[in-house]
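The sequence and the model are shown first, and the comments follow.

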Amino acid sequence: MSDTIAALSTPLAPGGIGVIRISGDDAIAVADKVIKTTSGKPLSTLKGYTAAHGKAYDGGELLDECVALVFRAPKSYTGEDTVEISCHGGVLVTSKVLRAALKAGARAAEGGEFTKRAFLNGKMDLSEAEAVMSLISAKGEGGMKAALTALDGALSKKIDAYCNVLVSAAANMAAWVDYPDDEIPDLDLDVLLTSLNEVYAGLDGLLCKFDAGKALTDGIETAIVGKPNVGKSALMNMLSGFRRSIVTDIAGTTRDVVEETVRVGRVILNLADTAGIRESADAVESIGVELAKEKIERAGLILAVFDVSRGLDESDDEILELCKGREVIGVINKTDLPRKADIEKIKESISEVIFTSALKGDGEKELAEAIERAIGTDKIDTSQAMLTTERQRRSAEKALASIKEAIDAVNMGMTMDAINVCIDSAIEDLLELTGKKAREAVVDEVFSQFCVGK
């Protein structure tokens with residue numbers, strides 16, 4: 001028996017419709033206490049995938065006109081009996097209908113509880129459940145396509161294939177070790193190594209694409225840095241598509257960090273327009289400069305802006321030094337003015353250099369292409385499997401380490417038992433990645449990030 005839960009599955013905000021979802025063993029009975037159908041037939045008499053028009057009541061109080069959709073287990077999102085009540089999308093109306101369902105015997109659903117039940121009832125695995133949240137929170141087309149690919153099971157199928165290779169290898173070794181007197185063919189260590197190396201290469205490839213994939217799905221922290229009056233705020237406005245930062249000819253206009261999330265090509269940038277880096281006697285400006293340096297330390301990508309119409313000075317040299325060893329794109333700005341900056345000196349420190357006139361909007365396409373190259377999203381195919389969460393990355397890394405140990409054990413001539421221990425460990429990590437043998441704490445970690453109603 002599963003208790004019956006209910007929640008609003010659309011935003012608690014004015015809209016065309018609001019949907020209250022009820023799921024559990026008594027979902028239809030609960031809905032029957034709230035909905036009086038126009039036909040007079042109780043919802044309990046309806047087949048699955050059937051809609052009924054009616055009115056919602058809280059006891060004797062009429063709440064709204066509505067449509068109830070009935071889903072019968074196991075053919076529902078959760079795998080349980082489910083009713084979705086669609087009413088008018090007013091905040092008060094939807095709240096009252098939900099309250100009526102709770103009075104009728106349902107309890108308020110926790111965040112992600114509907115999807116958690118779908119996972120527990122075998123409707124999806126853990127990586128597919130995570131894809132649901134990625135799809136909901138996707139800010140760009142690339143992230144949306146990647147989430148749909150994961151929801152379709154691309155990652156699960158790839159991980160299952162790796163598991164099958166490892167399970168087959170472990171089974172052959174176990175049979176050879178446990179039944180030495182039977183006529184079992186000798187193990188071919190070359191074949192075993194080929195299998196282990198195949199899985200190792202596949203997992204390594206997924207991990208190598210992780211950061212670029214995260215940039216597509218979650219965005220990347222990006223700092224716009226440079227000395228005062230080089231055009232950082234103009235660049236921020238160009239990428240944002242509207243006037244987000246104040247642009248003047250007065251050096252030091254930006255004294256704090258101005259932040260905005262923007263989509264550039266397929267990539268989401270969590271942009272920070274920072275104060276101009278220079279020595280200053282102004283206490284407020286000095287604080288802004290320190291904040292800018294902190295942003296550089298935390299940023300996954302730096303857009304270092306230089307004024308092509310001015311010669312490089314100590315502030316530019318400091319910026320080049322701060323950017324060393326970081327993922328950085330040099331933005332040579334104000335190309336509509338005569339060139340005075342030493343471009344070659346900039347190129348000695350920064351390999352990727354783009355020319356722009358941010359005020360005029362020139363160079364935006366070239367900058368977008370450079371950003372994709374810098375973070376690797378130009379090589380990402382969103383129709384292929386990707387690791388999209390830190391949890392998945394951790395499981396894949398642990399499995400990779402165990403496979404490396406197994407390969408080393410084979411090469412060192414260690415016993416089959418020792419090799420099998422490493423392979424079993426890798427299998428456990430991969431099964432945890434998909435959720436087939438995930439610990440309760442891991443499952444709770446995944447669904448703690450979900451919104452209520454999903």
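1. Does Glu 80 count as buried or exposed? At 7% relative accessibility, Glu 80 counts as buried, where buried stands for under 20% relative accessible area, exposed for over 50%, and partly exposed for the range in between, with a 1.4 Å probe and protein chains only. The model is a predicted one, in which local features need pLDDT of at least 70 and side-chain atom pairs count only at pLDDT 80 or more, while totals for chains, interfaces and linings use all residues. Residues are numbered from 1 along each chain as its sequence is written, and side-chain values use heavy atoms, with hydrogens and water left out.

2. On overall make-up, the chain holds 16 helices and 13 strands, taken as DSSP runs numbered from the N terminus (H or I of at least four residues for helices, E of at least two for strands). Of its 454 residues, 50% are buried. The exposed surface comes to about 21300 Å², with carbon and sulfur atoms supplying 52% of it; these areas come from the Shrake-Rupley method with a 1.4 Å probe, and for residues only the protein chains shown count as cover. Among contacts (heavy atoms within 4.5 Å) between residues at least 6 apart in sequence, 67% join residues at least 24 apart.

3. Glu 80 has a salt-bridge partner in Arg 117, at 3.1 Å from N to O, a salt bridge being a side-chain nitrogen of Lys or Arg within 4 Å of a carboxyl oxygen of Asp or Glu. Because Glu 80 lies in the loop between β5 (61-71) and β6 (82-89) and Arg 117 in helix α3 (residues 113-120), the pair ties together parts that are 37 residues apart in sequence. Arg 117 is also buried, with a relative accessible area of 9%. Both residues belong to a network of salt bridges that links Asp 3, Glu 80, Arg 107, Glu 113 and Arg 117.

4. Arg 393 and Glu 390 meet at 2.6 Å, N to O; being three residues apart in helix α14, they are separated by about one helical turn. Arg 393 is partly exposed at 21% relative accessibility, and Glu 390 is partly exposed at 34%. Asp 378 and Lys 379 form a salt bridge at 3.7 Å, N to O, in which Asp 378 counts as partly exposed at 38% and Lys 379 as exposed at 67%.

5. Two helices can be examined for burial. In α9 (residues 232-240), nine of the nine residues are buried, so this helix is largely enclosed by the rest of the structure; among them are Lys 232, Leu 235, Asn 237 and Ser 240. Helix α1 (residues 27-34) is mostly covered, with six of its eight residues buried, namely Ala 27, Ile 28, Val 30, Ala 31, Asp 32 and Val 34. The cover over these buried residues of α1 includes β2, β3 (35-37), β4 (50-58), β5, β6 and α2 (91-103).

6. Ile 22 lies in strand β2 (residues 15-23) and counts as buried at 0% relative accessibility. Its C-alpha atom is separated by 5.5 Å from that of Thr 82, which is 60 residues away along the chain. Leaving aside neighbours within four places in sequence, the contacts of Ile 22 include Ile 5, Ala 27, Val 30, Val 83 and Ala 101.

7. The second largest pocket holds about 310 Å³ of space. A pocket here is an open set of points on a 1 Å grid over the protein atoms alone, where a 1.4 Å probe fits, with protein on both sides within 12 Å along at least five of seven lines, and lining residues have an atom within 4 Å of a point. Grid points are joined across faces, edges and corners, and the volume is the space filled by probe spheres set on the points.

8. The lining of this second largest pocket has 15 residues, with Glu 130, Met 133, Ser 134, Thr 389 and Gln 449 nearest its centre. They divide into three nonpolar, six polar and six charged, with Ala, Val, Leu, Ile, Met, Phe, Trp, Tyr, Cys and Pro counted as nonpolar, Asp, Glu, Lys and Arg as charged, and the others, Gly among them, as polar. Helix α4 gives the most to this lining, with four residues. Met 133, found in α4, is buried at 18% relative accessibility and, leaving aside neighbours within four places in sequence, is in contact with Gln 449, Phe 450 and Cys 451.
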